[in-house]
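Here is a brief report on one chain. It covers the overall fold, the surface and the aromatic contacts.

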Amino acid sequence: MAFAASQIVRGFSSSAVRNVVIKNVTIIGGGQMGAGIAQVAASTGHSVTLVDTSDDILKKSIKLIEGSLKRVAKKKFSDKPEAGEEFIKKIVQKVSTSTDAESAVQGSDLVVEAIVENLKIKQDLFSRLDKLAPSHTIFASNTSSLSIRDIASSTNRQDRFGGLHFFNPVAMMKLVEVIGTPATSQDTLDSLLDFSKVLGKTPVSCKDTSGFIVNRLLVPCMMEAIRLYERGDASKEDIDIGMKLGAGYPMGPFELADYVGLDIVKAVIEAFKTKDPKNPLFDSSDLLNKLVAEGKLGIKTGEGFYKHK
């Protein structure tokens, strides 16, 4: 009975909170995306807790942040190296690390998840955190392919749950897709939009549809390029040149697939196919599946469609 009452109180208090001012951010997942989000949040004055499963992973995350900040400092303080070092130190000091997600979220205004693209793992994570995070805390997923509504269904704060889809590399890419489900409150969306702007990003809003805006258009384009190559209609090099010079793309579809990661491309198109199995745009590719099975995932493994040094 007490548990039921606490859930009712949680529901009322959650919906009653207006436009949360986000100061304390917890990021779950210390990979490239999580580290990138941590960097931009710390750079704009937020207190950040970066969470992953081991101290070794988190040390690598901090090194990623430091490496990215060194590149920024080199340009910003080219004639003042000491000022550059102070710039890096000040931002890194805003990022603390933890292997205890449950403790980390207890003082958070916003929790951003940037872990593996697996629905059950995400649901299990948010289900645990939902019981411990304050009622005003907003939950957000950085998923690029899964349904926000499906992830949020594991919690009792669906009105305070949305999508915050950043793009890689986070420090450079200006876009953030802000995703709302039918249950997401306008106050939550406004808080996420405001947070994105404070980070120096340009947010765009989208409903909870497969791939949101960018990936819904971009991934089928990459898949069609792969199928064009598989049929022998053109070489991958000529397809890339064609799209760069003919369509003004900064990278060709094969170059982009290698940059994103072929495992990510495969996971996204499979998620689309699950939602809309009759759509031929979402058909998979034997070549893509073969490369992923061989561990040739693109730049991060040294080989994908192209070989990388």
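## Fold

How many helices and strands does the chain have? The chain has 13 helices and 8 strands. Helices (H or I, at least four residues) and strands (E, at least two) are DSSP runs, numbered from the N terminus. The radius of gyration, taken over C-alpha atoms, is 20 Å; the globule rule gives 19 Å for 309 residues, so the chain is as compact as a globular protein of that length. That rule is 2.2 Å times the number of residues to the power 0.38.

This is a predicted model: local features need pLDDT of at least 70, side-chain atom pairs count only at pLDDT 80 or more, and totals for chains, interfaces and linings use all residues. Residues are numbered from 1 along each chain as its sequence is written, and side-chain values use heavy atoms, without hydrogens and water.

## Burial

Of the 309 residues, 46% count as buried (under 20% relative accessible area, 1.4 Å probe, protein chains only).

## Aromatic pairs

The whole structure holds 7 aromatic pairs. Rings of Phe, Tyr and Trp (its six-membered ring) pair if their centres lie within 6.5 Å; planes under 30 degrees apart count as stacked, over 60 as edge-to-face and the rest as tilted. Phe-77 and Phe-87 form a tilted pair, 5.4 Å centre to centre with 50 degrees between the planes. Both Phe-77 and Phe-87 are buried.

The ring centres of Phe-126 and Phe-161 lie 4.8 Å apart with planes at 65 degrees, so this pair is edge-to-face. Phe-126 sits in helix α6 and Phe-161 in strand β6, 35 residues apart. Phe-126, Phe-139 and Phe-161 form one aromatic cluster.

Notes. Buried < 20%, exposed > 50% of the residue type's maximum accessible area, 1.4 Å probe, protein only.
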